[in-house]
Amino acid sequence: MSKITERINDATTRAYVALQIFAAQEPVRVRAGVASVVLAAGAWLGLDVSGYLEPTAVVGAVVLPILVGESTRRKVSPTHDQ
């Protein structure tokens, strides 16, 4: 049982470190992803009792920050001319 716990702890630590490295290298993508998650959660929590929600608005609100984040990342990422 302790080997399973050790492996879970090891995997958790590795994932945490990988997330920190990714956040340091790609802050624009992290920001766009967090914005999309917040917007998706808001749309999900905002569903009315009948369950009707305009799908186009939800998709636009979730996908738009990702697309804007990608275009911004291309503009602010350093280019490596060789």
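**View 1. A salt bridge between D10 and R14 in the predicted model.** The side chains of D10 and R14 meet with a distance of 3.2 Å from N to O, a salt bridge being a side-chain nitrogen of Lys or Arg within 4 Å of a carboxyl oxygen of Asp or Glu. By this rule the count comes to 1 salt bridge. D10 and R14 are 4 residues apart in helix α1, and are therefore separated by about one helical turn. D10 counts as partly exposed at 39% relative accessibility, whereas R14 is exposed, with a relative accessible area of 58%; here buried means under 20% relative accessible area, exposed over 50%, and partly exposed in between, with a 1.4 Å probe and protein chains only. Residues are numbered from 1 along each chain as its sequence is written, and side-chain values use heavy atoms, with hydrogens and water left out. Because this is a predicted model, local features need pLDDT of at least 70 and side-chain atom pairs count only at pLDDT 80 or more, while totals for chains, interfaces and linings use all residues.

**View 2. A nonpolar surface patch made by M1, I4 and I8.** The patch covers about 380 Å², and I8 has its place in helix α1, residues 2-25. Patches are made of residues with over 30% relative accessible area and no salt bridge, with like charges joined within 9 Å and nonpolar side chains (Val, Leu, Ile, Met, Phe, Trp, Tyr) within 5 Å. Accessible areas come from the Shrake-Rupley method with a 1.4 Å probe, and for residues only the protein chains shown count as cover.

View 3. Helix α2 (residues 27-45) has 19 residues and reaches 27 Å from its first C-alpha to its last, close to the 27 Å expected at 1.5 Å a residue, where the expected span is 1.5 Å times one less than the number of residues. In α2, the residues V28, A32, S36 and A43 are buried. Seen down the axis of α2, these buried residues fall within an arc of 65 degrees, so they line one face of the helix; the arc is that of the directions from the helix axis to the C-beta atoms. On the other side of α2, R31, V37, V38, W44 and L45 are exposed.

View 4. Where pLDDT is low, the predicted coordinates should not be read in detail.

Definitions and conventions
Helices (H or I, at least four residues) and strands (E, at least two) are DSSP runs, numbered from the N terminus.
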